[in-house]
Amino acid sequence: MDPRRNPYTPNAGAMPPVLVGRRGEMEAFEVLLDRLRAGRTEQSMIITGLRGVGKTVLLTEFGRIAADRDWVAIEMEAAKHDDDRFRLELARESRRALLSIAPRQRWGERARRAARILRSFSMGIDPDGRLTVGFEVDALEGHADSGFLDADVQDLMVSLGEAASEHQTGVILLLDEIQLLETSQFEALIVAIHKTVQRSLPLVLVAAGLPQLPALAGEAKSYSERLFRFPGIDSLNDDEARLALSQPAAELGLEFLDGAIEVGLEFTEGFPYFIQEFGQAAWNLADAPRVTASDAEQARLVVEEKLDTNFFRVRLDRTTELQRAYLRAMAELGPGPQRAAAVARMLDRTTQQCGTIRSKLIEKGLLYQPQHGDAAFTVPHFDRHLKRTIPDLTVPPIRHRHP
Ligand SMILES: Nc1ncnc2c1ncn2[C@@H]1O[C@H](COP(=O)(O)OP(=O)(O)OP(=O)(O)O)[C@@H](O)[C@H]1O
Ligand SMILES: [Mg+2]
């Protein structure tokens, strides 16, 4: 079929032609907005899930739902930034939020105050006041100017919440890749949310990240468990996956024949990103308005090859030989979570000797710890890729350091 009309979206964060499933999460989100708007409190949400499962897409959808209800969204993607850069990003987004809450001419007393606090907040990183240019306000001394990130973020967020409340709206902070935040930044957000909850202000954090997060948040502040819910999103179930695969094509007159869908379901195991890749390949291969089982088999090979040379490959490129051996040993043990001791044994090492390798792999976002002592791949089907591309399990020798 004509690749120009191909509807599938195998790209990071790309809104799929049919957004399947996730009803529960969307409803929970709507309830959250309505409760906050009514002055009730509600836990913030941190969505966790493996790579390519649809976290960014869900956050985008949340942004749309929020906009439909005239909420103001601050969208940020976390990165490994120092605290100053984090402050700058937050200030820039807060400026945007403040102007969305109301245009400057219509600002009430609380919005004007938030603008002054934003000026204080950004003083150190923006001494010329470019961030608040046109606001015609002075910094509000003693607010958000302590230099302590947590206290300052708290002052800023509270002031934004108050401004939103004054103008009968709410602010939602949508933060993607939250596992990349430094602990100090994460803590600052937690402290701020704690305060806005205490004051029943319409400001909420909805974030997404890799599954190691609940543990991270727990370390950051012990009360975070009560402040946040951590809904996990997973691969689509069979009915949903079937729909995600067949409907975009059906809408454009291409039908998946019996057997073809099954190949797709088996291959993708319902992982949204793989579904999009598979759908795209199947569409391109079909030469009648039908995808046959043999087209589907062919599509599977095309996708496998593409994943091996791109999706998986870029992740392995960032690893050392030892780290790759560790991943390969895990793959040998199976796709699920593995005990640290079992992996170490495969490598003829002790758990302690493998400790650094493992923590580096977690830091690089390739592994996460579903529970203490276990590690699992953050990328679905990584085990298959490792076995395909590194056929032999080799055990690198231990290098002894000489004095
Ligand atoms: N509910 C869904 N139905 C169908 N396709 C989806 C759905 N959610 C996401 N996708 C598709 O899956 C792919 C991955 O989505 P997305 O980038 O949101 O994942 P992610 O979890 O943010 O991944 P990463 O951890 O790598 O950032 C995209 O190609 C997107 O179009
Ligand atoms: Mg994403």
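Strands E8 and E10 (residues 374-377) pair in the antiparallel sense over two bridges. Two strands count as paired if DSSP finds at least two bridges between them. This is a predicted model: local features need pLDDT of at least 70, side-chain atom pairs count only at pLDDT 80 or more, and totals for chains, interfaces and linings use all residues. Residues are numbered from 1 along each chain as its sequence is written, chains are lettered from A and ligands numbered from 1 in the order in which they are written, and side-chain values use heavy atoms, with hydrogens and water left out.

**Overall**

- The protein has 17 helices and ten strands. Helices (H or I, at least four residues) and strands (E, at least two) are DSSP runs, numbered from the N terminus.
- About 70 × 65 × 35 Å is the span of the C-alpha trace along its principal axes.
- Of the protein's 403 residues, 51% count as buried. Buried means under 20% relative accessible area, exposed over 50%, and partly exposed in between (1.4 Å probe, protein chains only).

**The sheet with E8, E10 and E9**

- Three strands form an open sheet in the order E8-E10-E9, with antiparallel pairing.
- Strand E8 (338-339) and strand E9 (367-368) stand at the edges with a single partner strand each, so one side of each has no neighbour in the sheet.
- Arg339 has Asp374 in E10 as its bridge partner.
- In general, strands of a sheet pair through backbone hydrogen bonds, either parallel or antiparallel.

**Strands E2 and E3**

- E2 and strand E3 (residues 171-176) run parallel and are joined by six bridges.
- Opposite Glu77 stands Asp176 in E3.
- Which residues make up the covered face of strand E2 (residues 72-77)? They are Val72, Ile74 and Met76, while Ala73, Glu75 and Glu77 form the uncovered face.

**Ligand 1**

- The shell around ligand 1 holds 22 residues, and Thr9, Gly13, Ala14, Lys55 and Thr56 are the closest. A residue is near a molecule or strand if one of its heavy atoms lies within 4 Å of it.
- By class, the shell has twelve nonpolar, seven polar and three charged residues. Ala, Val, Leu, Ile, Met, Phe, Trp, Tyr, Cys and Pro count as nonpolar, Asp, Glu, Lys and Arg as charged, and the others, Gly among them, as polar.
- Domain 1 (23-229) and domain 2 (237-309) each give at least three residues to the shell. The domain bounds come from an automatic or database domain assignment.
- Helix H2 (55-68) and helix H11 (272-285) each supply at least two shell residues.
- Taken alone, ligand 1 exposes 640 Å², and the protein buries 96% of that. Accessible areas come from the Shrake-Rupley method with a 1.4 Å probe.

**Positive phi in loops**

- Most residues other than glycine have a negative phi.
- Ser200 is not a glycine, yet its phi is positive, about 50 degrees. Ser200 sits in the loop between helix H6 (183-198) and strand E4 (203-209). Ser200 counts as partly exposed, at 32% relative accessibility.
- Asp348, also not a glycine, has a positive phi of about 55 degrees. The loop between helix H15 (340-346) and helix H16 (351-363) holds Asp348. Asp348 is exposed, with a relative accessible area of 61%.
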